[in-house]
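Take a moment with the sequence and the model before reading on. The text then leads through them step by step.

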Amino acid sequence: MRVGVYFCRCGPGLDGQVSGKIDPGAVRGAVESLPDVAYFEVVDFACADGGQARILEHLAAHRPDRVVIAACSPRQHEDTFRRVCAQAGINPYLMQLVNIREHVAWVIEDPERAVDKAIDQIRAGTARVLHQEPLEAAELDICPDALVIGAGPAGLKAAMTLAAAGRGVTLVERGPILGGLPVRFEEIFPTMECAPCLLEPVLGEILHGELPGPIDIRLTSTVTAIKGFLGNFDVTIATSPRHISVDACVGCGMCIEECPTSVPNALNLNRTTRKAVDFELFGGLPNVPVLDEAACTRFTEGSDCTACLDCCPVPGAVLFDEVATATEKKVGAIVVAIGATIYDLSQVTRLGYGRHPDIVSSWDVERLLAANGPTGGELLTADGRKPRTIAIVHCAGSLDADHVPYCSAICCQTAFKDAHLVESKAPGTQIVSFTRTVVAPGKEAVDLYRHAFDGPHAVERRYHHPGDVEVRVDAAGGLAVSHATGAGEPEVTEVDMVLLLAPMVAGPGPRELAGVLDVPTDATGFFAEHNARSDATRSPVRGIFIAGTCQSPMDIQGAMTQGTAAAGHALSELVAGRTLRVDPATATVAPDRCSGCRTCVPVCPYQAIDVDGWTLKASVNSVLCAGCGTCVAACPSGAIAGHHFTDDAMHAEIEAVLHA
Amino acid sequence: MATKPKLSVYWAASCGGCEIAVANLHERLLDVEAAFDFVFCPCLLDTKKQDVEAMADGSIAVTLFNGAIRTEENLEMARLLRRKSQVLIAFGACAAQGGIPGLSNVSTAADHLRTIYLQGPTLDNPEGTIPRRQTVVDEGVLALPGLLDQVSPLADVVEVDYTIPGCPPESHQIWAVVDAVIRGVALPPPGSVLGAGASTVCDECPRTRGDKRIDQLRRTWEIDPDPDRCLLEQGVVCVGLATRGGCGALCPQVQAPCIGCYGPPEGVTDQGGKMVSALGSMIDIEPLKGLPEAEIVARIDAIFDAIPDYAGCFYKFGLPGSSLKAAVAARVGVSAQDDQ
Ligand SMILES: Cc1cc2nc3c(=O)[nH]c(=O)nc-3n(C[C@H](O)[C@H](O)[C@H](O)COP(=O)(O)OP(=O)(O)OC[C@H]3O[C@@H](n4cnc5c(N)ncnc54)[C@H](O)[C@@H]3O)c2cc1C
């Protein structure tokens, strides 16, 4: 075989970044004497247009079987030189880039040793390139549409961005209304905006706007199965019956008036009731009630009540016979935005949650203070008194190795918001904040932060260890917070209400959905990222993106930004009409050598490996495979080979370095 | 009567098990005898080295050479039989990969002599006598073959045409090869492995297997394994998945883990390395995520501490044939021979 070697000086003459240290004249002899080397050609700036043109011309004239370019890092210019080879009619995978700049010229002081090492590297590259095989990138057709799972701030923003770009979007939401957590809130930090109003424009666009891409909204639905890969997913969507037609119903609420069955309303801490047919939340969109099978006597007792149907002014709105359905959809990309939940505070026994109705969580308080909450927005204790003193306990269970080890990022600001709301709704209430370390980053948080501690009725107490603060309930139902300061007896403060800032936790949602989508979660239970810093909205599986609090605790701004980012990823990976180029440097299984031991399956970070149930042979899906080589190393049978990184090529390379 | 092709079977550093495997052909030995002129087999026949030396070069059709190359005598016989044979087959794990004798490569030959003859706790050797190549006694000179520095597979010292792996090779596999030769079936290209599968022992193992997530390794006496489930998944280090098939998965079928005697599967050069890297991929890291680094290291170490002898576990039959090959003499320039 004839190998053509090009040496890039990375600069002019002997002053280049490479030739300043490695004199090509000193390398030439050794390289030319290698058995398969046909020629050794020196170029000034190989990557510049002129350099590329020179190499192209030279390649076209000499037509080597293999090409070695001794220049810089493949990270920088492998693609450049692959293109040059392709233009010269040489398969780009028959070129090996040897890095004599970063690996030699930049790091070796002594020019003689630099020359020796450069020769070693070029010898290794030459030995390797002889084993390289021509590879062709495959091109696949793609479906440009997307699936968004979860209709909170993150999912809504993703859906809107995708639809604005003209993409068909299927928006799957488990609940009966859109908006996620914030539609249940009154006001939001950092600027005390009205939460439902913030979402209003987004919801308006999605429900009634003129976005170029159609949005297929599936409420009371979840994704139960998925097959395929980037550009070609087949998803199964299961929808449970709402019994009220979203299309027909006009939201007049007459059915609610007439419904004879009331049940406690958990959303309002069971302090109010709701009807068996009722709005999930007053003001929630779409403005259509839900008939709750767990409450309606037609379903609980088999009654023949038709009160709602009888009074309904719209034919076809009440659908007693609606049943659960499962439908299939084809999509090209998936954005997962299923949000998070809060930690079960009853686990932190010292804080008393669940033992007294006036020990409430930050989530409960959102409802207690909401205009559509149990008291119409007035702050009252469970027995209807105006509280004189409220304790706000930060880090209730967070930064605590026994409960939630991390900081959940949003609680301090939620506490400032709550303090602000308490002050405006019940002026004069004494607010004692038990803080541990205050987290209020960014340019906007400072106002609420000041406000929370500077007011005339505000007191801040610092505690250091999770166990330093305890909530006590006495026999008469009195509440007090005991604070161990480290000096003498704990300080005890009598209060009327205790507000516990509950950390955000992933809850079972991500793990359950991870099982369906085959994407990983991490030790905290949140979805794992492709790269937690540089690619936090990509899952390790190509074509599946993650956004919002299912990735990590964050505020609404973060969630909406991530929704947009995830949509951006989906748009750039799935350009309509474009095909998907699949890098051929993937892994392949030799079926006759595979024994189906399944060692490879769990190690693949891209879920690209399947074992056929009948033949018990593994196979690698080359679209999902990113060519990382983990399975190649793990395969104990030598049945998996990495294209472009075969054992033969790598052994030849290593041996060429070792046997000078 | 046309002359029959000549067959020889030789043992170098070996235990005799390969000869037993040949003898286990039972009445088929008669077929072998009918097809071949069995000219040399120190275990079964009386022919001597001089008789082989007297034969014309290339006059033996097939030699089944078992045993590793441990001594100068082994080396000499390997060269002699190579010269005399048209087809030289590395027969059994020792000839193929070094086998059990190959485990001695974790130390040097000089160390072995010291340990065995000078340092053993049960020794009574006040004069520090160790075996020598030549010892002069009243009656004359006694000669012993010298130890080589390290144990090698046959292919490291002479050109080998084919390999039949196994410790010992299964008799039905030996018969399959012999039968093919008798019937004149064209042999695969030289260098190929005969009498074995291309895949691994798992391919022949009836146990069910799932995704492997191991939280603890267990030695065989520590567990009464579920007879239907993959042993490795139960924490028993079964190296079947890095071992060439062909034996019929005999050991796993009787609750014993595969110990690797059929050597690396097709395309693998380092059986132990493959097994180690596979095992590393199987350790269940889920419970380790988020732990402090020192704790992770401690827990992983605790898992692997259950393996008392890495070489014996992962390279039981193939250390000399692996990329590790052998320990290098600690004292440069001192060979076993000099010490003798
Ligand atoms: C008590 C509290 C107060 C807060 N106050 C503020 C504040 O004042 N300001 C601020 O910026 N942030 C605040 N936050 C944070 C804010 O709620 C989150 O940043 C935001 O809700 C994250 O949006 P999201 O879309 O990621 O998730 P979510 O809002 O949780 O939405 C997720 C959606 O996905 C749906 N879903 C879940 N599972 C599935 C499934 N399997 N299939 C289909 N759909 C599913 C859910 O029903 C939900 O509609 C607060 C959080 C809490 C807990």
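What follows goes from confidence to domains, then to the contacts between parts, and ends with some backbone details.

This is a predicted model. The predictor gives the complex an ipTM of 0.84 and a pTM of 0.72. In chain B the mean pLDDT is 92, and 96% of its residues reach 70 or more. One stretch stands apart. Residues 330-340 of chain B have a pLDDT below 50, yet this stretch has 27 contacts in the model beyond near neighbours in sequence. Where pLDDT is low, the predicted coordinates should not be read in detail.

Now the domains. The assignment for chain A lists domain 1 (3-129), domain 2 (146-240 + 324-339 + 506-573), domain 3 (254-311), domain 4 (343-505) and domain 5 (583-643). Domain 2 of chain A is written as three segments: 146-240, 324-339 and 506-573. Between the centres of domain 4 of chain A and domain 5 of chain A lie 53 Å, taken over C-alpha atoms. Chain B is divided into domain 1 (6-101 + 151-182), domain 2 (106-147) and domain 3 (201-308).

How do the two chains meet? Chain A brings 24 residues to the contact and chain B brings 25 residues. The size of an interface is often given as the accessible area lost when the parts come together. Here the area buried between chain A and chain B is about 1800 Å², with carbon and sulfur atoms giving 49% of it. Three residues, A:R593, A:S595 and A:P636, supply 27% of the area that chain A buries against chain B, more than any other three residues.

A salt bridge links B:D211 to A:R598, and their closest N and O atoms are 2.8 Å apart. On the side of chain A that touches chain B, the elements giving two or more residues are α16 (600-603), α17 (630-634) and α18 (647-658). By class, that side of chain A has 12 nonpolar, seven polar and five charged residues.

Next, look inside chain B. The centres of domain 1 of chain B and domain 2 of chain B are 29 Å apart, taken over C-alpha atoms. Four residues of domain 1 of chain B touch six residues of domain 2 of chain B. Together these two domains bury about 430 Å², and carbon and sulfur atoms give 50% of that area. B:R70, B:T71 and B:E72 supply 89% of what domain 1 of chain B buries against domain 2 of chain B, more than any other three residues.

Across this domain interface the rule finds one salt bridge. B:E72 and B:R133 meet in a salt bridge through their side chains, at 2.6 Å from N to O. In domain 1 of chain B, β4 (69-71) and α4 (72-84) each give two or more residues to the side that touches domain 2 of chain B. That side has no nonpolar, one polar and three charged residues.

Finally, the backbone. The peptide bond from A:F189 to A:P190 is cis, with omega near 0°. A:P190 sits in the loop between β8 (187-188) and β9 (193-194) of chain A. In chain B, the peptide bond from B:C167 to B:P168 is cis, with omega near -10°. B:P168 lies in the loop between β9 (162-164) and α7 (171-182) of chain B.

Key. Residues numbered from 1 in each chain as written. Chains lettered and ligands numbered in written order. Predicted model: local features only at pLDDT ≥ 70, side-chain atom pairs only at ≥ 80, totals over all residues. Heavy atoms only, no water. Contact = heavy atoms within 4.5 Å. Buried area = accessible area lost by both parts, 1.4 Å probe. Salt bridge = Lys/Arg side-chain N within 4 Å of Asp/Glu carboxyl O. Helix = DSSP H or I, 4+ residues; strand = E, 2+ residues; numbered from the N terminus. Nonpolar A, V, L, I, M, F, W, Y, C, P; charged D, E, K, R; others polar. Domains from an automatic or database assignment. pLDDT = per-residue confidence, 0-100.
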